[in-house]
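Look at the structure below before reading on. The text starts with the whole chain and then turns to one part of it.

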Amino acid sequence: MQPSEMVMNPKQVFLSVLIFGVAGLLLFMYLQVWIEEQHTGRVEKRREQKVTSGWGPVKYLRPVPRIKPQVSHA
């Protein structure tokens with residue numbers, strides 16, 4: 001086959017772009033959750049991430065208690 005004969009029809013182009021787009025989106029979502037879990041230093045439970053009221057905000061990052069330095073008044 002000559003290179004000029006290898007032409008993808010629009011249906012093949014659309015399906016290829018769609019499949020790679022979905023795969024990229026899934027990979028991005030997985031890596032985002034993985035990076036956030038590494039950042040917080042703990043593994044979130046799937047039960048804590050569920051939203052019972054449908055499409056509501058999901059709080060991935062929660063405040064971490066910090067140790068405040070005690071200031072001595074002399």
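The protein has two helices and zero strands. The model is a predicted one. Of the 74 residues in the protein, 8% are buried.

Next, consider helix α1. This helix covers residues 10-40. With 31 residues, α1 reaches 45 Å from its first C-alpha to its last, which is close to the 45 Å expected at 1.5 Å a residue.

A database record also refers to this part of the chain. In an unreviewed entry, UniProt lists residues 12-35 under "transmembrane region". In the model, the span of residues 12-35 is 100% helix and 0% strand, and its end C-alpha atoms lie 34 Å apart.

Which residues of α1 are buried? They are Val-33, Glu-36, Glu-37 and Thr-40.

The surface holds a nonpolar patch made of Phe-14, Leu-15, Leu-18, Ile-19, Val-22, Leu-25, Leu-26, Phe-28 and Met-29. Together these residues have about 930 Å² of accessible area. One member of the patch, Phe-28, lies in α1. Is Phe-28 buried or exposed? Phe-28 counts as exposed because its relative accessible area is 55%, and the cut-off for exposed is over 50%.

Technical notes. Residues numbered from 1 in each chain as written. Predicted model: local features only at pLDDT ≥ 70, side-chain atom pairs only at ≥ 80, totals over all residues. Heavy atoms only, no water. UniProt positions renumbered as here; feature names shortened; annotations may be inferred. Helix = DSSP H or I, 4+ residues; strand = E, 2+ residues; numbered from the N terminus. Patch = residues over 30% accessible without salt bridge, like charges linked within 9 Å, V, L, I, M, F, W, Y side chains within 5 Å. Areas by Shrake-Rupley, 256 points an atom, 1.4 Å probe, with all protein chains shown as cover. Salt bridge = Lys/Arg side-chain N within 4 Å of Asp/Glu carboxyl O. Buried < 20%, exposed > 50% of the residue type's maximum accessible area, 1.4 Å probe, protein only. Expected span 1.5 Å × (residues − 1).
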